[in-house]
Amino acid sequence: MRRVIQYIMFISMFFAGFLVLNYYVFFGMSFLLGLPMNNVFHIIMLIAALSYPVATTIERMVSNNITRIFYTAASAWMGISFYLLFFLIIYLLLSFFIKMPRTTVGIIIAVLTIIISGYSIFNSYLLKINEIEIPLRGLEEDVKAVHLSDIHIGSIRNSGYMERIVNETNKLNPDVIFITGDVVDGSARLHKHTFRAIDHLTAPAFFVTGNHETYEGLDEVFRVLGDTKLRILHNEMVEFNQIHVIGVEYSFERDHLKNTLNQFEINDDKPSILLYHLPKGLKEANKVGIGLQLSGHTHNGQMIPFNFLVKLMFPYISGLYEYNGTKLYVSQGTGTWGPPMRLGSNCEVTLIRLKPGR
């Protein structure tokens, strides 16, 4: 009951904010292009504002091909409307200093939004294979690992996308696969057949939960993923080819990572890899002797200009970082959340060549 109330409150707050955004976008474009702001205008604006919260609610109740198309279109509109808002704000700021023909500006904004949104949608369906070499302290021989994160299997990306990721991963012929959270999106109910492709992975796969697994409900996630080939790590340390693999699941608790890591006895002379969804806690990982931390969550901002905002919250936003010998690699994510759009980022499958290091 509590989850239902929280969900209703979230949808209500989201709708209120999205309604304001849509009103400003529709009002701004109508003003620039000289379109009438009559009853038809308000009806279309209201439908646009309702599209995403309504599509989300329907998907949670009943999901089929029609509802998924509606959800995908509503999600795309959310991204498109943000770009319209972005360009309208730029116009508003420039209009204080430069006089510009309204109709011309309206056409320019519409064309730019169409081009950028079209490219962003297209780019979100490309899978980039990102290769990187990382020396790992204590490692005796090369290990080829694939890092996946933030796949977000749900209404937009479902079983077909999961199969595609598995196929691309197997082509890389890894020794081991690490998945750092948000395999599920939470946009639709979970079904075991959606994740059946996981069992076709040709290498051992270790997984820790992210925030979206927590939102969905861990019992439900474990019901669906528990019978797959994934080795789900619940705040535990296991050994793979003499590598200590430490998996810390996502938690809302303060200092969760620090408190969990302090429970383990990690040998500095042995290679160790920490799987943790959030790109935080690099100093804590270094303090207990971990050689490499793998994280995700940020999506590298997913869409410009959100990367600047995400960077404020997560300084380690994408790529490889180092602190006193401990490395951190942050994946841009293998899928998308919300709008099926990527601008200034990519959906990535990361091939990590682990080398013996000091």
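Mentor: Gladly! Let's begin with a term: buried means under 20% relative accessible area, exposed over 50%, and partly exposed in between (1.4 Å probe, protein chains only). Helices (H or I, at least four residues) and strands (E, at least two) are DSSP runs, numbered from the N terminus. The model is predicted: local features need pLDDT of at least 70, side-chain atom pairs count only at pLDDT 80 or more, and totals for chains, interfaces and linings use all residues. Residues are numbered from 1 along each chain as its sequence is written, and side-chain values use heavy atoms, with hydrogens and water left out.

Trainee: What makes strand β4 covered on both faces?

Mentor: In β4 (residues 205-208), Ala205 and Phe207 on one side are buried, and so are Phe206 and Val208 on the other.

Trainee: How do you know that β3 and β4 pair?

Mentor: Two strands pair if DSSP finds at least two bridges between them. Here 4 bridges join β3 to β4, which run parallel, and Phe178 stands opposite Phe206 in β4. β4 also pairs with β5 in the parallel sense, over 3 bridges, with Ala205 opposite Leu230 in β5.

Trainee: Why is the pairing in the open sheet called mixed?

Mentor: Strands of a sheet pair through backbone hydrogen bonds, either parallel or antiparallel. The sheet has 6 strands in the order β1-β12-β2-β3-β4-β5. While β3 and β4 run parallel, β2 (residues 143-148) and β12 (residues 347-357) are antiparallel, joined by 5 bridges.

Trainee: Why are β1 and β5 left without a neighbour on one side?

Mentor: β1 (127-137) and β5 (230-232) stand at the edges and each has a single partner strand, so one side of each has no neighbour in the sheet.

Trainee: Why is Ile98 called partly exposed?

Mentor: Its relative accessibility is 44%, and partly exposed lies between the buried and exposed cut-offs. Ile98 sits in the loop between α3 and α4 (102-124).

Trainee: How do you know that Asn235 and Gln242 are partly exposed too?

Mentor: Asn235 has 21% relative accessibility, and Gln242 has a relative accessible area of 43%, so each counts as partly exposed. Asn235 is in the loop between β5 and β6 (236-240), whereas Gln242 is in the loop between β6 and β7 (243-248).

Trainee: What is the phi of each, given that neither is a glycine?

Mentor: Phi is positive in both: about 50° for Asn235 and about 70° for Gln242.
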